[in-house]
Amino acid sequence: FSLGQAGFMLLGAYTFAIFTIPEESREIVYQYYNGGLIRFALPVIPALVLSGLVAALFAFLVGLPVLKLKSDYLAIATLGFAEIIRAIFQWDKLGAITNGSNMLHQFPSFSSFNIRNAQGEVVVYLSTLVPFVIAGVCIALIVLLINSTYGRALKAIRDDETAAEAMGVNLFHHKQLAFCISSFFAGIGGAMLAMYACTVQAKSFTSSMTYEILLIVVLGGVGSITGSCLSAFLFVACSEWWLRFLDNTYTIGSFQVPLLRNGFRLVVFSVIIMVVVLFFRRGIMGDRELPEVLRWNDSCLSRESSVLVLGEGYAGPVTVNLAHVPHILLGGSTGSGKSVLLKLLLMQCIKKYARVFIADFKGGVDFPKVWHEKCRLCITEESLLDTLDRLVAALENRKSEFAALGCPDIDSYNKIRRPL
């Protein structure tokens with residue numbers, strides 16, 4: 001894992017600020033450097049994209065030697081990069097570009113998106129909506145990436161590097177791709193932070209910022225986008241909103257409530273984090289997304305053991321009877337919902353006490369670990385052939401039992417010997 005996110009956010013914030021300061025304001029901002037070196041300004045959206053691209057470029061260059069390291073050594077190397085880049089941007093020799101140790105300001109902020117009338121009064125407030133729109137676009141792009149072939153390869157590397165390499169995944173190439181993509185979005189995040197704070201100064205991007213990002217990911221669940229979004233809200237709400245009253249002293253009559261004073265909020269917040277880590281060791285969401293944790297509704301199940309429900313139509317439930325149609329072919333383009341429909345069908349089979357076997361030669365990346373507990377997963381040709389041999393033997397035994405018990409079909413057999 002990387003601990004250099006603060007450095008990439010710094011790159012994004014400075015890139016956005018440098019290229020969006022209006023020309024008429026540069027003499028004021030760069031007053032110690034004769035107006036600075038850059039003499040033009042870009043629109044906000046191209047500057048946002050450029051912020052991500054600059055961060056991704058630095059990530060590519062840093063990743064060439066660093067990504068050959070593993071585990072703690074990679075974390076230490078990326079943390080060192082973040083500290084080095086913070087020091088370089090405060091270097092007086094680069095002041096004509098970065099303004100040295102002085103802060104950058106006068107660039108567009110989120111309030112610049114507000115619509116004003118001829119008198120300068122705000123008519124429509126967009127300063128709150130725009131950050132959510134930008135964040136939503138970034139999250140949507142990440143979801144599309146995760147559900148692509150590259151995303152599945154990255155999941156395979158996360159779960160087991162050796163198995164992924166054995167399946168033909170180029171480890172260094174995909175690690176570098178993930179490093180650059182994550183840095184791209186970190187750069188955009190830095191630009192958004194600059195727009196929110198209205199000022200940029202290198203000393204603000206300390207290692208504690210990286211630790212907060214890492215804490216949010218761990219609390220939400222490594223591998224869960226829903227968990228990261230949820231934990232980001234809870235982290236900020238608890239530390240900056242809900243627990244603020246703990247920093248104030250309260251007196252009830254002549255009795256002063258003990259412990260409540262400035263700084264006690266952080267103590268309580270630390271205790272809450274410890275409790276969450278102890279009772280949710282995989283994070284709030286684990287490696288699951290929101291649709292996977294929604295409660296299953298057993299009322300949607302068909303009462304017939306061999307009938308699976310595909311959906312609801314105008315004429316009623318759309319079903320398929322496995323006793324009549326033993327094979328189902330699911331087809332569609334990437335992102336069309338094949339895996340979701342397959343999991344719904346498999347879950348119905350599990351609810352009907354069926355034994356489920358899954359053959360997935362992609363290493364099982366489409367099925368989270370919870371499916372490994374409910375199903376038998378075959379990820380190699382040898383395991384699949386062995387499973388098929390066992391199934392053939394079990395079916396032959398089942399035919400003999402049917403004949404001995406006089407059962408014409410599986411439903412009659414299940415009434416006599418229903419598995420636990």
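Reply: Buried means under 20% relative accessible area, exposed over 50%, and partly exposed in between. Note that this is a predicted model.

Me: Is C238 buried or exposed?

Reply: The cut-off for buried is under 20% relative accessible area. C238 has 14% relative accessibility, so C238 counts as buried.

Me: How many disulfides are found in the whole structure?

Reply: A disulfide needs two cysteine sulfur atoms within 2.5 Å. For C229, the closest cysteine sulfur is in C138 at 11 Å, which is too far for a bond. C238 is in no disulfide either, its nearest cysteine sulfur being that of C229, 16 Å away. Over the whole structure, the number of disulfides found is zero.

Me: Which residues touch the most other members of the largest nonpolar core?

Reply: The largest nonpolar core has 48 residues. V200, leaving aside neighbours within four places in sequence, is in contact with residues including A13, Y14, A17, F107 and F205. L104 is also among the contacts of V200. The members that touch the most others are L104 and V200.

Me: Which helix gives the most to this core?

Reply: Helices that each supply at least two residues of the core include α3 (44-66), α4 (71-89), α6 (129-146) and α9 (171-197). α1 (5-20) also belongs to that group. With 11 residues, the one that gives the most is α1.

How values were computed. Residues numbered from 1 in each chain as written. Predicted model: local features only at pLDDT ≥ 70, side-chain atom pairs only at ≥ 80, totals over all residues. Heavy atoms only, no water. Core = buried A, V, L, I, M, F, W, Y, C linked by side-chain atoms within 4.5 Å. Buried < 20%, exposed > 50% of the residue type's maximum accessible area, 1.4 Å probe, protein only. Helix = DSSP H or I, 4+ residues; strand = E, 2+ residues; numbered from the N terminus. Contact = heavy atoms within 4.5 Å.
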